[in-house]
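The account begins after the display.

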Amino acid sequence: MIKDITLGQYFPGNSPIHRLDPRSKLVLVFALLIIIFLCQNFFSLLLVSAFSLFCVLLSRIPLKTMLKGLKTIVFVILLTSILQIFYNHDGKLLWQWKSIQITTGGISMAIFITVRIICLIFISSLLTYTTSPTLLTDGIERLLKPLKKIHIEPHTLAMMMTIALRFIPTLIEEVDHIISAQKARGADLESGNLIKRAKALIPILIPLFVNSFRRAYDLAYAMECRCYRGGDGRTRMRVMKLSAVDYLAYVICALLLAGVIVLNIFFEAVI
Amino acid sequence: MNNEIMIQIQNASYAYDGDDEGVKSEPVLRNLSLDIYRGEFLAILGHNGSGKSTLTRLCNAMAQPDSGKVFVDGMDTANEALEYAIREKVGVVMQNPDNQIVATIVEEDVAFGPENLGVEPSEIRRRVDDALRRVGMYEYRGHEPHKLSGGQKQRVAIAGILAMQTECIILDEPTAMLDPQGRQEVLKTIHELNRDMGITVVLITHFMDEAVQADRVAVMDEGKILLLGTPREVFAHREVLFDSGLDIPQSAKLADRLAQFGICLPGSILTPEDFLASFCAYREGKK
């Protein structure tokens, strides 16, 4: 039943966004998040949101999927907008009831922040939607290489991430088996109050832990058998090379940054 | 098969650390000697706890014998400097396919070994493609391991060893957790590797029918080699096999049962083919 989960919500494809080097994507997403925060008025925000939408269209990820991703943070968006509407008292007064005031400033701030959050979500989810977990960890490992100088091993971190990703489906399958096995022995997992149900989880967690330790032991043995000895002297099959698409993406983002700065200077800031 | 020795085990004894500090538990290997020849297909039979898996650990320098010596292609496993050179020669495939696949994509996992050895990227690519074709998993190179069947996972694990270009593969009950079809796939693959690439194969198993197809069979019990020889020689010692909790191949069993009913088939019978030939000969004789 839970076997068919997709990890990291990756949607395979061959769009220019998919083809970007994962390192470029990580760097550019980080840069874009900063650019989004740099916007100070509606004109620069409009430019940035148009760009975000352009990226989504370019990636050929259905807009529906992107909007679904927003579902989880609808509450955050609503809360921040409501707070803005009620606590921002700039501009013309539109409506008043006792001490509660709604002003044009409040409404425009609410819209501004909502659009900004949506842009942030779109850009950051594009990263996981268009990059496979393997490429992503690989990219992170290579990007963090300079950390080696301060004795943090990016290879170890990446290896842990890979193993975690690799074993999530295996462990889910195992939980399925354990639940069936315990049910067959008469375990009652579905009735009772919260505490009772939490207690019912113990006979599932203990076998899972015991088995995980055995798996870890086996895996370590298998890795040693295959001559694993950490990141030193290790090569990689995949060669990462920046292509024309990457350079183009860097140029476009630089232009976007320039555009945002110019619009910020020429128009009055609202935030 | 030639007479060049790939792995030489000389009077090896081994005991795991006991529960109390400094105290060893009951030895698992007792004064065991065994020569494994280059290019041969050796099956090792033995019930659980007979020391089969420990033998594997001695052969790829994961453990050193308490007494005695183990040489892999002339290299002493006690020499720590040679540890990785030895593991480059002797690959191990374990029982549970899930616990030996490291990466999230099939081809990445096959590349894991050569990557550890520091092989050039283009050469890794070539080895990975080659290894996946050898085990018939090339079409699955982009798949996620958890979506494969047990037999397919085990073949990926074998490809992972092949890509390291080892000269010897030890398979520790590789089919124990597989369904009959998966078993067939894996057995076919390892026989092909042995025949076509000349790779030395050591198959640890408790399926008699798998052992029958080997060049030589070694029977282990209580840390010692009980019997060693061609399948026909070994399976002729029925009492010894039964005493150590083992069995004889199904076809041989069937012939035995027939003999109890007075139908004595001629010749020694190990495989279904033997049985068929013998049975036909018997029928001819009756006419």
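Two residues are in contact if their C-beta atoms, placed from the backbone, lie within 7 Å. The model shown is predicted. With that cut-off, consider the contacts in chain B between residues at least 6 apart in sequence: 63% of them join residues at least 24 apart.

Chain B holds 11 helices and 10 strands. Its radius of gyration is 20 Å, close to the 19 Å that the globule rule gives for 287 residues, so chain B is as compact as a globular protein of that length. The C-alpha trace of chain B spans about 70 × 50 × 35 Å along its principal axes. Buried residues make up 48% of the 287 in this chain.

In soluble globular proteins, nonpolar side chains tend to be buried together. Here the largest nonpolar core has 88 residues, and the members that touch the most others are B:V110, B:A159, B:I169 and B:V202. Helix α5 (residues 150-162) of chain B gives the most to this core, with six residues. The surroundings of B:V110 can be listed in detail. Leaving aside neighbours within four places in sequence, B:V110 is in contact with B:V128, B:A131, B:L132, B:V156, B:A159, B:G160 and B:A163. Another core, of 21 residues, lies apart from the largest one, and its members include A:L20, A:L28, A:C39 and A:Y129.

Chain B is divided into domain 1 (5-246) and domain 2 (249-287). The centres of these two domains of chain B, taken over C-alpha atoms, are separated by 33 Å. Their contact takes seven residues from domain 1 of chain B and six residues from domain 2 of chain B. On the domain 1 side, the elements that give two or more residues are α7 (208-212) and α8 (231-235) of chain B. The residues of that side divide into five nonpolar, no polar and two charged.

Chain A is also divided into two domains: domain 1 (10-144 + 240-266) and domain 2 (154-225). The C-alpha centres of these domains of chain A lie 37 Å apart. Where they touch, five residues of domain 1 of chain A are in contact with six residues of domain 2 of chain A. The domain 1 side of that contact consists of three nonpolar residues, one polar and one charged.

Helix α6 (residues 104-130) of chain A has 27 residues and reaches 39 Å from its first C-alpha to its last, close to the 39 Å expected at 1.5 Å a residue. Which residues of α6(A) are buried? They are A:G106, A:M109, A:A110, A:C119, A:F122, A:I123, A:L126, A:L127, A:Y129 and A:T130. One of these, A:Y129, is among the members of the 21-residue core. The cover over the buried residues of α6(A) includes α1 (16-19), α2 (22-38), α3 (42-59), α4 (63-70), α5 (74-87) and β2 (100-103) of chain A.

It remains to describe how the chains meet. The contact takes 25 residues from chain A and 33 residues from chain B. On the side of chain A that touches chain B, the elements that give two or more residues are α7 (133-143), α8 (154-184) and α10 (202-225) of chain A. Of these, α10(A) gives the most, with seven residues. The residues of this side of chain A divide into 12 nonpolar, five polar and eight charged.

Key: Residues numbered from 1 in each chain as written. Chains lettered and ligands numbered in written order. Predicted model: local features only at pLDDT ≥ 70, side-chain atom pairs only at ≥ 80, totals over all residues. Helix = DSSP H or I, 4+ residues; strand = E, 2+ residues; numbered from the N terminus. Rg over C-alpha atoms; globule rule 2.2 N^0.38 Å. Buried ≥ 20, exposed ≤ 12 C-beta atoms within 10 Å, placed from the backbone. Nonpolar A, V, L, I, M, F, W, Y, C, P; charged D, E, K, R; others polar. Core = buried A, V, L, I, M, F, W, Y, C linked by C-beta atoms within 7 Å. Domains from an automatic or database assignment. Expected span 1.5 Å × (residues − 1).
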